[in-house]
Amino acid sequence: IKYLNFIKKLQSLKYFIEENNFNENFSGEKKIKFLQLIWKFRININSSNITIFENDRIPFNWYKIGLLHMIPFQTITLADFSDLDWPSFPLHRNEIKGLQLNMSFNNQNNLLYKAEQFWVKNKFKSSKEDILDFVNNTLIRNDKV
């Protein structure tokens, strides 16, 4: 029942697929496009839990199987979809926690979410140092406000 409810939610977000122009001819980094699409789905389905995706309660494979209901099979086979795994986010909560004294748990979650969003937008290629620089800049901007 949980999976069927998940599929209903996923199908309600089908407009992301059309927006991303997924069809048989789409080119570029196919796996990255699928991973970014899955991340968008996750954020919209589970918006109250903005911790990093690895800690999500919904299994990654549910997203993959859900996409089989929404994207033509030919498109999925072009991306070697069966080997698709969620990349490992290079940053840990302790590294965020150590950036500022007395940071609340909610602020840590918010920064982790923003850091992961930055990483996803940069096609999962940002190094730990790049992500920490982004987080530091975010903290500096928030302190000025």
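Here are a few exercises on this predicted model, each with a worked solution.

Some ground rules come before we start. Residues count from 1 along each chain as its sequence is written, and side-chain values use heavy atoms, with hydrogens and water left out. Since the model is predicted, local features need pLDDT of at least 70 and side-chain atom pairs count only at pLDDT 80 or more, while totals for chains, interfaces and linings use all residues.

**Exercise 1**

Work out where serine 126 lies and whether it is buried or exposed.

*Solution.* Start with the helices, which are DSSP runs of H or I with at least four residues, numbered from the N terminus. Serine 126 sits in the loop between helix H7 (105-121) and helix H8 (128-144). Next, check its accessibility: buried means under 20% relative accessible area, exposed over 50%, and partly exposed in between (1.4 Å probe, protein chains only). Serine 126 comes out at 9%, so it's buried. Finally, look for contacts, meaning heavy atoms within 4.5 Å. Leaving aside residues up to four places away in sequence, serine 126 touches Pro90, Phe118, Trp119 and Ile131.

**Exercise 2**

Find how many aromatic pairs there are, then describe the one between phenylalanine 6 and tryptophan 62.

*Solution.* First, the rule: rings of Phe, Tyr and Trp (its six-membered ring) pair if their centres lie within 6.5 Å; planes under 30 degrees apart are stacked, over 60 edge-to-face, and the rest tilted. That gives eleven aromatic pairs. In one of them, phenylalanine 6 and tryptophan 62 are 5.6 Å apart centre to centre, with 50° between the planes, which makes the pair tilted. Now place the partners: phenylalanine 6 is in helix H1 (residues 2-12) and tryptophan 62 in helix H4, so the pair ties together parts that are 56 residues apart in sequence. As for cover, phenylalanine 6 is buried at 4% relative accessibility, whereas tryptophan 62 is partly exposed at 26%.

**Exercise 3**

Describe the pair of phenylalanine 60 and tryptophan 86, and say which cluster these rings belong to.

*Solution.* This pair is tilted too: 6.0 Å centre to centre and 55° between the planes. Phenylalanine 60 is in helix H4, and tryptophan 86 is in the loop between helix H5 (73-78) and helix H6 (93-97), so the pair links distant parts of the chain, 26 residues apart. Both count as buried: phenylalanine 60 at 15% and tryptophan 86 at 14%. Step back, and ring pairs link Phe60, Trp86, Phe89, Trp119 and Phe124 into a cluster.

Technical notes: Helix = DSSP H or I, 4+ residues; strand = E, 2+ residues; numbered from the N terminus.
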